Amino acid sequence: MAKDKIHYAVRNALKNDGWKITKDPLTLKSRGVRLMVDLEASKFLLAEKENETIAIEIKSFRNLYVLDDFYSALGQYLCYRLFLDKLGRFTKLYLAITNVTHNRLIKSPLIVDAIQELDIKFITIKG
């Protein structure tokens, strides 16, 4: 699996925020299907006195028309989230993108509605 253009920048940002990268990639298997989410990370939360684990799908949006990349990323994100739930791993899933991409996305009311309705969680890095 080829690493996304911003893969290592996302890894470093997570590490700098106190996250430990536990899997790169996170492989999920069930019923003869294997999916690979880009990263899994965990962090000890003092307030809850437990580890929080998250999964991160990393995407560089390269097309001029942002909707094309969003449709692709959204489909992958939703399939991963469904797969995690079906496996009983209620791990929060995030879509990691650059802040430039995020700013492009939120200019579209359709995308904003989709993000809100589908509860898409983001990690943004400078880019």
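Student: What is the strand order of the open sheet, and how many strands does it have?
Tutor: This is a predicted model. Its open sheet has 5 strands in the order 1-4-5-6-7, with mixed pairing. The twist averages 35° from one strand to the next.

Student: What makes strand 1 and strand 7 edge strands?
Tutor: Each has a single partner strand, so one side of each lacks a neighbour in the sheet.

Student: Why do strand 6 and strand 7 count as paired?
Tutor: Pairing needs at least two bridges between the strands. Strand 6 and strand 7 have 4 bridges, in the parallel sense. Ala96 stands opposite Ile123 of strand 7.

Student: Where does helix 1 pack on the sheet?
Tutor: Helix 1 touches strand 1, strand 4, strand 5, strand 6 and strand 7. Its direction makes about 160° with that of strand 5.

Student: Which residues of helix 1 are buried?
Tutor: They are His7, Val10, Arg11 and Leu14.

Student: Why are the buried residues said to line one face of helix 1?
Tutor: Seen down the helix axis, they fall within an arc of 100°, so they line one face. An α-helix has 3.6 residues a turn, so residues three or four places apart point the same way. The buried residues of helix 1 pack against strand 1, strand 4, strand 5, strand 6 and strand 7.

Student: What follows helix 1?
Tutor: Gly18 does, with a positive phi near 95°.

Student: Why is the contact of Asp24 with Lys3 called a salt bridge?
Tutor: The cut-off is 4 Å between a side-chain nitrogen of Lys or Arg and a carboxyl oxygen of Asp or Glu. The closest N and O atoms of Asp24 and Lys3 are 2.9 Å apart, so the pair qualifies. Asp24 sits in the loop between strand 1 and strand 2, and Lys3 in the segment before helix 1, 21 residues apart.

Student: Why are Asp24 and Lys3 called partly exposed?
Tutor: Partly exposed lies between the buried limit, under 20%, and the exposed one, over 50%. Asp24 has 26% relative accessibility. Lys3 has 35%. Both values therefore fall in the partly exposed range.

Student: How do you know that Asp17 and Lys43 form a salt bridge?
Tutor: Their closest N and O atoms are 3.7 Å apart, within 4 Å, so the pair counts. Asp17 lies in the loop between helix 1 and strand 1, while Lys43 is in strand 4, 26 residues apart. Asp17 is partly exposed at 47%, and Lys43 is partly exposed at 22%.

Student: What makes Glu52 and Lys92 a salt bridge between distant parts of the chain?
Tutor: The N to O distance is 3.5 Å, within 4 Å, so the salt bridge stands. Glu52 is in strand 5 and Lys92 in strand 6, 40 residues apart. Lys92 is partly exposed, at 39%.

Student: Why does Asp4 have no salt bridge?
Tutor: Asp4 lies in the segment before helix 1 and is buried. The nearest side chain of opposite charge, Arg62, is 5.1 Å away.

Student: What does Asp4 touch?
Tutor: Leaving out residues up to four places away in sequence, Asp4 touches Ile58, Lys59 and Ser60.

Technical notes:
Residues are numbered from 1 along each chain as its sequence is written. This is a predicted model: local features need pLDDT of at least 70, side-chain atom pairs count only at pLDDT 80 or more; totals for chains, interfaces and linings use all residues. Side-chain values use heavy atoms; hydrogens and water are left out. Helices (H or I, at least four residues) and strands (E, at least two) are DSSP runs, numbered from the N terminus. Buried means under 20% relative accessible area, exposed over 50%, partly exposed in between (1.4 Å probe, protein chains only). The arc is that of the directions from the helix axis to the C-beta atoms. Contact means heavy atoms within 4.5 Å. Lys and Arg count as positive and Asp and Glu as negative; His and the chain ends are not counted. Axes are lines fitted to C-alpha atoms, for helices over the stretch in contact, and angles run from 0 to 180 degrees between N-to-C directions.
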